[in-house]
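I opened this notebook to record a helix contact and the charged side-chain pairs. The entries follow the order in which I looked things up.

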Amino acid sequence: MNSRHLNFVLVVLLLATVATFEIGERGVAGPTAMAALLAIGFVKGRLVVLDFMGLRGVKFFWRGLLLGWLLLVSALIAIAYWIALK
């Protein structure tokens with residue numbers, strides 16, 4: 001992994017953090033905002049797992065384990081939000 005790629009990933013993570021902050025500060029609410037925040041959070045988690053934890057080049061088991069956990073948590077949050085809307 002070269003430093004140029006990691007710097008690019010860092011910039012993407014910072015921009016995603018600013019985007020989530022702006023969504024919260026502007027008081028945007030509703031299913032669309034929740035979906036956007038979950039999607040941004042999933043992308044950020046994926047970038048951290050693959051690039052900063054260095055799992056991009058390892059066996060699928062370890063990547064799958066952590067990305068599966070991230071997907072499970074995101075899905076549970078979405079389900080909890082959906083149930084709360086009813």
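Entry 1, basis. I worked on a predicted model, in which local features need pLDDT of at least 70, side-chain atom pairs count only at pLDDT 80 or more, and totals for chains, interfaces and linings use all residues. Residues are numbered from 1 along each chain as its sequence is written, and side-chain values use heavy atoms, with hydrogens and water left out.

I took helices as DSSP runs (H or I, at least four residues), numbered from the N terminus. I found that the axes of H2 (residues 31-52) and H3 (residues 60-85) come within 10 Å and cross at roughly 165°; axes are lines fitted to C-alpha atoms over the stretch in contact, with angles from 0 to 180 degrees between N-to-C directions. H2 and H3 are therefore roughly antiparallel, the term for angles over 145 degrees.

I applied the rule of a Lys or Arg side-chain nitrogen within 4 Å of a carboxyl oxygen of Asp or Glu, and the count came to 2. Glutamate 22 pairs with arginine 26 at 3.3 Å, N to O. Aspartate 51 pairs with arginine 56 at 2.9 Å, N to O.

I used relative accessible area (buried under 20%, exposed over 50%, partly exposed in between; 1.4 Å probe, protein chains only). Glutamate 22 is partly exposed at 31%, and arginine 26 is exposed at 65%. Aspartate 51 is buried at 5%, whereas arginine 56 is partly exposed at 34%.

Definitions and conventions: Helices (H or I, at least four residues) and strands (E, at least two) are DSSP runs, numbered from the N terminus. Angles under 35 degrees count as roughly parallel, over 145 as roughly antiparallel, 65 to 115 as roughly perpendicular and the rest as oblique.
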